[in-house]
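Visitor: I'm new to this one. Can you walk me through it?
Guide: Happy to; here it is.
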Amino acid sequence: MDFLNALVAFTNFVIVPATTYGAQLALGALGVTLIYAVLRFSNFAHGETMSFGAMVVVLVTALFQSRGITLGPLPTALLALPFGIAATALLLLFTDRAVYRFYRRVKAAPVLLVIVSTGVMFMMNGIVRMIVGVDDRRFADGERFLVNARDFRAWSGLDEGLAIRTTQAITLVVALITVALLFWFLNRTRTGKSMRAYSDNEDLALLSGINPERVVTITWLLVAALATIAGALYGLDKSFRPFVFQQLLLPVFAAAIVGGIGNPLGAIAGGFVIAFSEVTLTYAFKKVITYLGPEGWSPDGLVQLLSTDYKFAVSFAILIIVLLFKPTGLFKGQSI
Amino acid sequence: MTHVTRTRAPLYFAAMAVLILAVGLLQSWNSALSILNMGLISAIMALGVNLQWGYAGLFNVGVMGFVALGGLAVVLTSMPPVPAAWSAGGLRVLLALAVGAASIAVSILLWKRLPRGRARGFILAAFLIVAFAAYRWLFDPAVAAIEAVDPATSGYLGGLGLPVLLAWPVGALLAAGAAWLVGKTALGLRSDYLAIATLGIAEIILAAMKNEDWLTRGVKNVNGLPRPVPYEIELQQAPWFLDLMQQIGANPVVGSTIFVKLLYAFFFLVVIGVIVLAMELALKSPWGRMMRAIRDNEVAAEAMGKNVTGRHLQIFVLGAAVIGFAGAMMTTLDGQLTPTTYQPLRYTFLVWVMVIVGGSGNNWGAVLGGMLVWFLWVEVEPIGAWIIGLLTAGLEDGSPLKAGLIERVAYMRYLTMGLILLLVLRFSPRGLLPEK
């Protein structure tokens with residue numbers, strides 16, 4: 001019985017949140033990886049892109065709510081998602097035309113493009129803050145819990161409750177659908193194949209008549225969708241705060257690199273590796289160990305390996321360790 | 001200095017001086033000198049980044065971390081020690097840190113010495129788990145004891161109580177040490193991995209400074225850091241100063257604040273003079289030529305027998321030391337260490353804008369960029385507010401649109417800085433003062 005309680009506590013506080021967070025990171029890392037594979041630079045503006053997409057979703061959600069349009073038990077944000085994707089797509093295409101295209105034409109060094117992307121980051125940061133300010137916004141509505149702790153206790157007869165929030169379930173479902181669609185697109189459609197060809201060998205792809213500008217446009221469209229979904233899911237799960245999205249840049253990059261940058265499968269694996277390490281290393285295991293230990297005994301401290309403030313340190317440490325032993329990441333990098 | 005720089009640089013610096021004088025005349029001399037002082041510190045940070053990027057093409061996105069280490073150095077060097085905290089757990093904390101460092105060294109040795117295979121992984125993992133447990137067993141009680149000592153005013157170990165000017169080179173040393181660790185692990189990898197690695201180390205340094213209260217008081221901040229110049233209040237009571245103020249017919253209260261700022265400006269100008277001189281000499285030496293050769297064509301330089309990774313490590317550490325020096329100067333100027341204020345947008349990316357705008361590879365460019373971009377950073381908000389004020393003059397006071405617009409002006413600086421960076425990169429990629 002105590003073992004089951006420990007298991008439930010562990011699921012409740014580690015497995016469920018880490019899976020959700022991992023899915024969000026994976027979607028973010030997929031965007032970074034696609035840009036890297038096709039446009040060949042690390043996009044520092046990706047955190048702000050997620051922030052912009054999430055912001056549009058927040059605003060459209062508020063509009064729908066004020067008109068009384070809801071999805072019943074599901075969050076209204078799901079209805080607003082396509083609008084967010086469309087707005088982000090417009091923004092990214094505009095940025096590409098106004099900024100990145102020039103550097104592509106002059107074949108600038110990748111590191112210069114990274115610096116250019118920090119300029120874009122600055123501007124997006126300013127735009128988002130000028131539009132919505134810096135306050136915390138909660139925009140999740142509908143049913144709060146899919147599995148409620150009290151109901152779970154009554155059903156299972158255990159002391160420990162299991163709670164799964166609707167947003168957590170939705171994160172997983174939406175992420176699964178998104179990833180499935182992405183892989184179907186990359187592997188099965190003609191356009192997706194031309195993207196992969198372009199990423200693998202640019203010259204050969206050009207020779208066989210693939211239009212590079214079209215490949216780039218499609219990449220930005222995919223990135224817009226991935227970034228908006230990732231940003232909106234993260235915002236639904238926690239709350240929308242522009243400041244936080246900038247901090248997400250490190251774990252997102254870490255996920256992409258740990259998995260092998262340029263490799264979509266790797267981005268997903270990397271997202272979960274980073275998320276699970278962050279959550280397990282900063283979780284206080286006191287409760288779980290108390291259940292497992294002898295009756296009436298409990299550990300003195302919180303049994304927390306690292307304080308929560310160090311979660312970025314965890315992503316970074318994993319990044320370094322993986323790079324030291326497998327410089328191309330867990331999956332071989334740089335291939336769509 | 002080449003021909004173009006020789007004609008342009010004095011002109012631009014004169015224009016910069018006019019801008020600062022204009023602030024003095026239109027706003028106040030206090031704000032003008034504040035801009036000058038922070039501009040000089042920013043210029044030193046830009047010189048550090050220029051050393052890494054302009055001379056060697058190394059992309060460091062961890063400027064914030066090195067600046068923060070400089071700030072930490074001020075606390076560790078100049079604050080008086082807290083004897084009660086030291087007796088409560090000081091030595092135990094040091095012992096714990098030594099154990100931690102030793103176990104990392106041993107695990108590296110184990111990895112190198114043990115034969116390859118699965119056993120190696122298990123032995124190493126077991127060793128690390130035991131070492132981590134030992135470290136925490138030593139560390140946790142000591143930290144709890146230190147933080148329990150008078151938490152409202154101290155709750156940390158304090159510093160060494162040395163003169164604050166010593167903290168500046170100490171800041172450079174701390175930053176150089178961190179840079180050596182990053183460089184050792186990341187310089188062998190591809191160039192954008194160095195960027196991500198520095199981004200990561202900056203976040204870790206910041207997390208540690210916010211969280212390790214026994215060392216930095218964390219988010220409780222360390223106030224009242226010693227300063228290398230007299231206090232305004234002392235000046236206002238000193239007869240010689242009052243005489244001086246009377247002679248030039250100035251208000252002693254305002255005069256004292258300006259006098260203090262001028263003293264800081266003097267210190268900063270001396271530092272900047274020494275650094276620019278050293279960097280110019282280095283650039284013209286065989287070493288500087290080798291660095292640029294490596295930057296422009298790594299493969300060719302390697303074929304000539306140059307140790308590219310070694311040189312990169314060297315210049316990365318030197319650049320970080322300059323940034324750490326500037327970080328210590330900044331914290332000294334502020335008189336307090338507030339870990340929460342370190343933000344990458346402000347300390348990493350803004351310094352990058354300075355280097356790019358000024359002209360990467362050119363030291364005078366870095367100084368000019370530092371001063372100019374800092375000026376814009378401070379002045380964009382009042383200028384923006386003024387423009388918005390003109391535009392919304394027709395709207396009645398208290399209308400939500402007007403209030404909203406005025407509130408949004410604060411974020412205009414990010415937008416403006418991003419725009420400036422993009423425009424310079426696109427239309428004048430070599431910056432205001434190009435490299436020769």
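Visitor: What does chain A average in pLDDT?
Guide: Chain A averages 90, and 99% of its residues score at least 70. pLDDT is the predictor's confidence in each residue, from 0 to 100. This is a predicted model, where local features need pLDDT of at least 70, side-chain atom pairs count only at pLDDT 80 or more, and totals for chains, interfaces and linings use all residues. Residues are numbered from 1 along each chain as its sequence is written, chains are lettered from A and ligands numbered from 1 in the order written, and side-chain values use heavy atoms, leaving out hydrogens and water.

Visitor: Which element of chain A has the lowest mean pLDDT?
Guide: Helix H13 (residues 286–292) of chain A, at 82. Helix H3 (residues 77–105) of chain A has the highest, 96. Helices here are DSSP runs (H or I, at least four residues), numbered from the N terminus.

Visitor: New topic. How is chain B split into domains?
Guide: The domain assignment gives domain 1 (3–81 + 158–427) and domain 2 (82–157). Such bounds come from an automatic or database assignment.

Visitor: How far apart are the C-alpha centres of those two?
Guide: The centres of domain 1 and domain 2 of chain B lie 34 Å apart.

Visitor: And how many residues are in contact?
Guide: 13 residues of domain 1 of chain B are in contact with 16 of domain 2 of chain B. Contact means heavy atoms within 4.5 Å.

Visitor: What does Tyr342(B) touch?
Guide: Leaving aside residues up to four places away in sequence, its contacts include Met64(B), Leu206(B) and Tyr347(B).

Note on methods. Helix = DSSP H or I, 4+ residues; strand = E, 2+ residues; numbered from the N terminus.
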